[in-house]
Amino acid sequence: MPVPLHTTGKASFDDIYSRPDPRDYYARMSELDYRIPELAKPHLRRQIGEYRAATGAAPDVLDIGCSYGVNAALLRLDTSLAELAGSYADPDTATDELIARDRARVAGADTLPGVRFIGMDASAPALEYARAAGLLDAVVHADLEATDPTDAQRAVLASADLVVSTGCIGYVTEKTIVRIATAHPERRPWMAHFVLRMYGFGPIEADLAALGYRTERIPGEFAQRRFASAAEREQVLGTLASNGIDTTGLEDEGWLYADLYVSRPLSSPISTE
């Protein structure tokens, strides 16, 4: 069955985010060698550690586009995508059993005690699973591209100390990022976003700068996944070419690639060492 393209040019996987548990999500992503959350893990752990060192407190981490709590699972359980996919491979296990198993696992093996994870996503079933399973401590089901957060949503977003994403930029724009950054009337959260090279970070960086942020791109490129179809490959390569971006050794090898941008309020230093 052909994979439809999202309006952003990427393949659309909307169907796998509407299931009551992550089995289909991990099965499909495994087929495409999805890896950016695992490549992001040491960088996100570093952000958490640097925030703790700078403030003396464990951060509340908001993951935009969190789906089934993938980043939270990788970070809290110090595990791998392959292991997670394997743990959801049994088609006969009831969803309630998976939830109970995951809750017990987080309770017994959380490697980041004190760190709270908040998930924001457009998929209510994915958020519901991740919260029920104990991977996320709080959730926000919202489309901040379309509307401002409600008072209740704003209160949750305002608690975030570190905002991260590993693939949603493009689906969300500076509209969402600014609404999150300004959820608290006075305090600005740290941010770390992995952004596909086909999108870039310029508009978001400019709006964050107007709010008093300084942004740096961390050296290196990060493989997200293999192209899902020839149509996606053609679309992405065309977009990159039109933006004057050299794809040699990267996207032209059959993979989507992202850059990492770290944004912090001017009062907070950014270290790329």
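**Charge patch, cavity and salt bridges**

Asp90, Asp92, Asp96 and Glu97 together form a negative surface patch. The model is a predicted one. Across the whole structure, a search returns one cavity of 30 Å³ or more and 18 salt bridges.

Surface charge
- Four residues make up the negative patch, namely Asp90, Asp92, Asp96 and Glu97.
- Of these, glutamate 97 lies in helix H5, which covers residues 95-109.

Cavity
- The volume of the largest cavity is about 40 Å³.
- Its lining consists of Ala73, Leu77, Leu84, Tyr88, Asp102, Arg105 and Leu135.
- Helix H3 (70-77) contributes at least two residues to the lining of the largest cavity, and H5 likewise contributes at least two.

Salt bridges
- One of the 18 salt bridges found in the whole structure joins the side chains of arginine 76 and aspartate 110, at 3.0 Å from N to O.

Notes. Residues are numbered from 1 along each chain as its sequence is written. This is a predicted model: local features need pLDDT of at least 70, side-chain atom pairs count only at pLDDT 80 or more; totals for chains, interfaces and linings use all residues. Side-chain values use heavy atoms; hydrogens and water are left out. Patches are made of residues with over 30% relative accessible area and no salt bridge: like charges are joined within 9 Å, nonpolar side chains (Val, Leu, Ile, Met, Phe, Trp, Tyr) within 5 Å. Accessible areas come from the Shrake-Rupley method with a 1.4 Å probe; for residues, only the protein chains shown count as cover. Lys and Arg count as positive and Asp and Glu as negative; His and the chain ends are not counted. The place of a charge is taken as NZ of Lys, CZ of Arg, CG of Asp or CD of Glu. Helices (H or I, at least four residues) and strands (E, at least two) are DSSP runs, numbered from the N terminus. On a 1 Å grid over the protein atoms alone, a cavity is a set of points where a 1.4 Å probe fits but cannot get out, and a pocket is an open set with protein on both sides within 12 Å along at least five of seven lines; lining residues have an atom within 4 Å of a point. Grid points are joined across faces, edges and corners, and a volume is the space filled by probe spheres set on the points.
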